[in-house]
Amino acid sequence: MPDPLGPLFDALESINGELTGFAARLARLEDSGAVRGAAKQGTSSGGEGGETARVPGAPIAWHKVNESDRKELWGEFAAWVIRMADTYELTTEQLPHACWWEHGAVVAELTALWTGWESAYGNEEDAAAGPYLWHDAWSRGIERIGRTWLGECTNGYHQTKSRTVWGIDLGYRKKVIEAGPPGAAGSGPASPKAA
């Protein structure tokens with residue numbers, strides 16, 4: 001009688017093999033200094049050592065990119081987004097042609113997809129799992145963009161969301177910071193109220 005758990009163990013063995021490959025790849029990258037260098041360098045230029053180059057696939061936080069680097073990096077990113085929109089035949093419901101760059105969450109999602117694409121397709125040592133995993137992330141990311149971040153912009157015109165901007169109310173920020181996390185002494189619903 002065949003083992004009913006055999007297929008499960010086979011699948012787990014396959015996953016373990018992929019994870020082992022990823023761990024070996026990460027170790028090689030760490031040994032080469034690419035991961036540490038990217039974390040230290042970010043997207044900045046200058047410093048005592050002169051110009052520092054961004055490692056393809058290194059994470060990007062647009063608010064931390066030096067002004068001098070932003071224009072070139074944004075140009076590369078925008079060209080990639082346009083190329084991917086054409087390659088994958090995106091519709092306005094998936095990514096609004098008129099205003100995708102005006103939505104911070106959409107830019108953040110696309111930036112993560114871009115750096116993931118650079119990592120997946122820029123590493124010749126990858127055992128082909130990177131591009132496959134990137135396509136899975138792309139599919140989920142594009143679905144999330146159309147479903148979550150766009151609001152009414154899928155009609156082809158930018159529609160500003162009717163919402164409260166949290167970051168401009170300094171009193172609100174102070175109130176939240178002073179309240180502390182749930183369960184902290186004197187804050188949150190878990191703390192006893194004085195009678």
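Guide: Start with a cut-off: a residue counts as buried under 20% relative accessible area and as exposed over 50%, with partly exposed in between. This is a predicted model. Phe77 and Trp100 are both buried.

Visitor: Why is Trp100 called buried?

Guide: Trp100 has a relative accessible area of 8%. Buried means under 20%, so Trp100 is buried.

Visitor: What makes Trp101 partly exposed?

Guide: The relative accessible area of Trp101 is 41%. That value lies between the 20% and 50% cut-offs, so Trp101 is partly exposed.

Visitor: How many aromatic pairs does a search of the whole structure find?

Guide: The search finds 15 aromatic pairs. Phe77 and Trp100 form an edge-to-face pair.

Visitor: How do you know that the pair of Phe77 and Trp100 is edge-to-face?

Guide: The ring centres are 5.8 Å apart, and pairing needs them within 6.5 Å.

Visitor: What does the pair tie together?

Guide: Phe77 lies in helix 3, and Trp100 in the loop between helix 3 and helix 4 (104-121). The pair therefore ties together parts that are 23 residues apart in sequence.

Visitor: What makes Trp100 and Trp101 an edge-to-face pair?

Guide: Their centres are 5.8 Å apart, within the 6.5 Å limit. Their planes are at 90 degrees, over 60, so this pair is edge-to-face.

Visitor: Which residues form one aromatic cluster?

Guide: The cluster is formed by Trp62, Trp74, Phe77, Trp100, Trp101 and Trp114.

Methods. Residues are numbered from 1 along each chain as its sequence is written. This is a predicted model: local features need pLDDT of at least 70, side-chain atom pairs count only at pLDDT 80 or more; totals for chains, interfaces and linings use all residues. Side-chain values use heavy atoms; hydrogens and water are left out. Rings of Phe, Tyr and Trp (its six-membered ring) pair if their centres lie within 6.5 Å; planes under 30 degrees apart count as stacked, over 60 as edge-to-face and the rest as tilted. Helices (H or I, at least four residues) and strands (E, at least two) are DSSP runs, numbered from the N terminus. Buried means under 20% relative accessible area, exposed over 50%, partly exposed in between (1.4 Å probe, protein chains only).
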